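Please keep the sequence and the model open while reading.

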Amino acid sequence: MKTIVYTLPNCRGSDALREIWLQDGVNFEERRVDLNQEWLEEARDYGDVVPIIVYPDGSSKEGWDLTGVPG
């Protein structure tokens, strides 16, 4: 199972996480909550601040502080 990241476009935290993880070769699935109601509802189960990161072990983190450290 991949790490899942719920994002929004034009969100500084989402953009920073995506850029850093793509550069670092992190394997993740991005789910833009503005494109899919089901993904939005899933994301709300974990929090209300994107990006929301859901790791394969089921743990999650909310937000991204722009320094590369999950919120």
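## A serine inside

S14 counts as buried because its relative accessibility is 0%; buried means under 20% relative accessible area, exposed over 50%, and partly exposed in between, with a 1.4 Å probe and protein chains only. S14 lies in helix α1. Helices here are DSSP runs of H or I with at least four residues, strands are runs of E with at least two, and both are numbered from the N terminus.

The model is predicted: local features need pLDDT of at least 70, side-chain atom pairs count only at pLDDT 80 or more, and totals for chains, interfaces and linings use all residues. Residues are numbered from 1 along each chain as its sequence is written, and side-chain values use heavy atoms, with hydrogens and water left out.

## What S14 meets

A polar atom of the S14 side chain lies 3.5 Å from the backbone nitrogen of L8. A polar contact is a pair of N or O atoms within 3.5 Å; within protein, one must be able to donate a hydrogen and the other to accept it, and residues adjacent in sequence count only if both atoms are side-chain atoms.

Neighbours within four places in sequence aside, S14 is in contact with T7, L8, V50 and P51. Contact means heavy atoms within 4.5 Å. P56 sits elsewhere: S14 and P56 are 42 residues apart in sequence and 19 Å apart in space, C-alpha to C-alpha.

## Helix α1

α1 has 13 residues and reaches 18 Å from its first C-alpha to its last. That is close to the 18 Å expected at 1.5 Å a residue, where the expected span is 1.5 Å times one less than the number of residues. The buried residues of α1 are G13, S14, A16, L17, R18 and W21. They pack against β1, β2 and β3. An α-helix has 3.6 residues a turn, so residues three or four places apart point the same way.

G25 follows α1, and its phi is positive, near 75°.

Strand β1 covers residues 3-7, and five of the five are buried, so the strand is largely enclosed by the rest of the structure. Both faces are covered: T3, V5 and T7 are buried on one side, I4 and Y6 on the other. In a regular strand the side chains alternate between the two faces of the sheet.

β1 pairs with strand β2 (residues 28-32) in the parallel sense, over five bridges. Two strands pair if DSSP finds at least two bridges between them. V5 has E30 as its bridge partner in β2. From β1 the chain crosses through helix α1 (residues 12-24) to β2, and this β-α-β crossover is right-handed. Right-handed means that, with the strands pointing away from the viewer, the path from the first strand over the helix to the second runs clockwise.

Strand β3 (residues 52-54) pairs with β1 in the antiparallel sense, over three bridges. Here Y6 has I52 as its bridge partner.

## T7

T7 belongs to strand β1. It is buried, at 1% relative accessibility. Residues up to four places away in sequence not counted, T7 touches S14, R18, E30, R31, R32, V33, V50 and P51.

## Aromatic rings

The structure holds three aromatic pairs. In one of them, W21 and F28 have ring centres 5.5 Å apart and planes at 70°, so the pair is edge-to-face. Rings of Phe, Tyr and Trp (its six-membered ring) pair if their centres lie within 6.5 Å; planes under 30 degrees apart count as stacked, over 60 as edge-to-face and the rest as tilted.

W21 is buried, with a relative accessible area of 10%. F28 is buried too, with 12%. Ring pairs link W21, F28 and W64 into a cluster.

## Backbone exceptions

Most residues other than glycine have a negative phi, and most peptide bonds are trans. The peptide bond from V50 to P51 is cis, with omega near 0°. P51 sits in the loop between α2 (37-44) and β3.

N10 is not a glycine, and its phi is positive, near 60°. N10 lies in the loop between β1 and α1. N10 is exposed, with a relative accessible area of 76%.
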